[in-house]
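I opened my notebook to look up a few strands, loops and rings. Here is what I wrote down.

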Amino acid sequence: MDNQKLAVQIDDLTVAYNYKPVLWDIDLSVPEGVLMAIVGPNGAGKSTLIKTILGIIKPIAGSVSIYGKPYSKQRKMVAYVPQKGSVDWDFPTTALDVVMMGTYGSLGWIKRPGQKEKKIALESMEKVGMLAFKNRQISQLSGGQQQRVFLARALAQDAAIYLMDEPFQGVDATTEIAIINILKELRKAGKTVVVVHHDLQTVPEYFDWVTFLNVKKIATGPVKEIFNDDNLTKTYGINYKVAVNK
Amino acid sequence: MSNPQIEIQLIAALVAMACAIPGVFLVLRKMALISDAISHAILPGIVIGFFITQDLNSPLLILLAALTGVITVVLVEFIQKTGLVKEDTAIGLVFPVLFSIGVILIAKNANDVHLDIDAVLLGELAFAPFDRLMVRGTDWGPKSLWVMGSILLITISLLLLFFKELKVSTFDAGLSSAIGISPVIMHYGLMSISSITVVGAFDAVGAILVVALMIAPAATAYLLTEDLKKMIGLSLLFGVSSAISGYWLANILDASISGSIATTLGVLFLAVYLFAPKKGLISVLYRQKQQKIEVSLITFLLHLNRHEEESERHINHLQEHINWHEVRARTVLNLAEKNNLVEIKNNVVSLTEKGLTFTEKSLEYIINNKDEKIEPMKEDFFLFRG
């Protein structure tokens, strides 16, 4: 692993809301090309970690680097899928328009999206099987379709690193399989994918790396090596094995 | 029409347009209440600005007062960030304080200042043509026409330049921040423009009614369209048409122009709220009723589909089996028959070929929610139109 490039490197990161730490002294390295799950109980700081990597939340200490440089210099290398519930789906716009927003980052200020951006957006929608819904108003989409639109928007960002906040939340089994297939394709293409994930059962099946997080980092590494009862117990604070067997 | 009449309508239309554009984004950002706060809290800014400049249309006064508006927003956010009170409480705490400072300032200096509370709250459009822009003895028209025209021009240019940025930061502040389009800059930009517009407009329509011009056109347009550009276009249209028809209403009633404009906006909203084709109250109620009947229809068809035995499908038994009122049972039966979904032979109801496929397809649709299964039926049935 020593000679493997690091996509994301986090050093001594502490984040606090109103002086209450939600992430405490996190060191975390995400090797290039992994498909990583971040797991931990509610309030563990999973979303906060993603948002801090993206510079949406400012840490009170520590640093984040993307391929060795600060995020503000590497914006175009990172795509983001926020939690579905973080936006107002009654906003007056179409699915295609939302996907087009993925191209805004590379356009920069003032420049408007044109035919090139539209083509990128349409291709991304096709990849997630949403092309037929491109002109649909976003409130008329089902929860799974909305999640696919968000995924298509991230694909339109055409980045090296994909950070996703609970992309499987509220989607049906079909959509979940469709999404995980796209994530696996991204990994095959050499991209790095980091996913906040809730369903512990599917971790070994979907991901090759995992990070256990509960305010502090509990463990990080290949799923085969560290996804075990010991780490689960440390992260969730209960005897995990017993809890599952019940 | 006389010259002042045309000028008043022109000013009213410009004010309406300048208010409608930031109004759309305030409504979409669920910040309508902030416009109310700004419109009141700018009063001390206006009074102090007036002490300094002695001219209600001076650009310096407008900037000073607009600054008070932005300070209001900052104070509201500051109080809110303490986590002790919610946003609406913070708004309710900040703007009355600033407003009352303005009221006291006016009262203390009422003798030497040509500025009174009535004019500030309600404005007086009818007087606007009296205050004219004179350059070297030439009359260039009413000052407020130039002030509002400039504000509108700035607003439109900013809208055209930053449409994409406004859209993404309004819809998804997280993504906006991540891709380097700072939602904080967009937020304060919008707040500054809203403040400047309110200050420019208050002279004409007053601090209270300017809120109506910001919020009502956008709220009305929101009910009619699902496209941001169209929403802005409709807001402009509603604002201008209300301004002009409000002017004539005031003329007929011999009443306050700003009051009549706000009333027109209210009536327009009410009409759209009732009759809008998709989101309107009447169409929503109609759709709910249709859906109720259609749910009953499908329940009924599924019942027929499940029961081979004739006793279960006898017309006299059906009503008690499904446990419906007679009227509803008859409506559903008639609907099914009219659509050739069922046939009645010897008082026994059976599914037709069409009814059978329909039932199977809707079952499949209910189970796996796949749109393509139901496409052919969409024209006839509300239930599947999404």
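**Ground rules.** I am reading a predicted model, where local features need pLDDT of at least 70, side-chain atom pairs count only at pLDDT 80 or more, and totals for chains, interfaces and linings use all residues. Residues are numbered from 1 along each chain as its sequence is written, chains are lettered from A and ligands numbered from 1 in the order in which they are written, and side-chain values use heavy atoms, with hydrogens and water left out.

Entry 1: I started with bridges. Helices (H or I, at least four residues) and strands (E, at least two) are DSSP runs, numbered from the N terminus. Two strands pair if DSSP finds at least two bridges between them. In Lys217(A) I found the β10(A) bridge partner of Leu213(A). The strands β9(A) and β10(A), the latter covering residues 216–222, run antiparallel and are joined by six bridges. Their hairpin has one residue between the strands, and there Val215(A) takes a positive phi near 65°.

I then looked at another partner of β9(A). Strand β3(A), residues 35–39, pairs with β9(A) in the parallel sense over four bridges. Met36(A) has Trp209(A) as its bridge partner in β9(A). In general, strands of a sheet pair through backbone hydrogen bonds, either parallel or antiparallel.

How many residues of β9(A) are buried? I counted five of the six in 209–214, so to speak mostly covered. Buried means under 20% relative accessible area, exposed over 50%, and partly exposed in between (1.4 Å probe, protein chains only).

**Entry 2: an open sheet in chain A.** I traced four strands in the order β2-β1-β4-β5, with antiparallel pairing. Which strands are at the edges? They are β2(A) (20–31) and β5(A) (69–70), and each pairs on one side only. Strand β4(A), residues 61–66, meets β5(A) over two antiparallel bridges. Ser65(A) has Pro70(A) as its bridge partner in β5(A).

Helix α1(A), residues 46–53, lies across β1(A) (6–17), β2(A) and β4(A), and runs at about 115° to β1(A). Axes are lines fitted to C-alpha atoms, for helices over the stretch in contact, and angles run from 0 to 180 degrees between N-to-C directions. Contact means heavy atoms within 4.5 Å.

**Entry 3: a loop residue.** I found Leu200(A) in the loop between β8 (192–196) and α7 (203–206) of chain A. Is Leu200(A) buried or exposed? Leu200(A) counts as buried, because its relative accessibility is 10%.

**Entry 4: rings.** I noted 11 aromatic pairs over all chains. Trp140(B) and Trp146(B) have ring centres 6.3 Å apart and planes at 65°, so this pair is edge-to-face. Rings of Phe, Tyr and Trp (its six-membered ring) pair if their centres lie within 6.5 Å; planes under 30 degrees apart count as stacked, over 60 as edge-to-face and the rest as tilted. Trp140(B) is partly exposed at 47%, and Trp146(B) is partly exposed at 42%.

Tyr247(B) and Trp248(B) are also edge-to-face, at 5.2 Å centre to centre and 85° between the planes. Tyr247(B) counts as buried at 6%, whereas Trp248(B) is partly exposed at 33%. I also found one aromatic cluster of Trp89(A), Phe91(A), Phe150(A) and Phe171(B).

**Entry 5: charges over rings.** Lys279(B) lies over the face of Tyr222(B), at 4.3 Å from the ring centre. A charge sits over a ring if NZ of Lys or CZ of Arg is within 6 Å of the ring centre and within 35 degrees of the ring normal.
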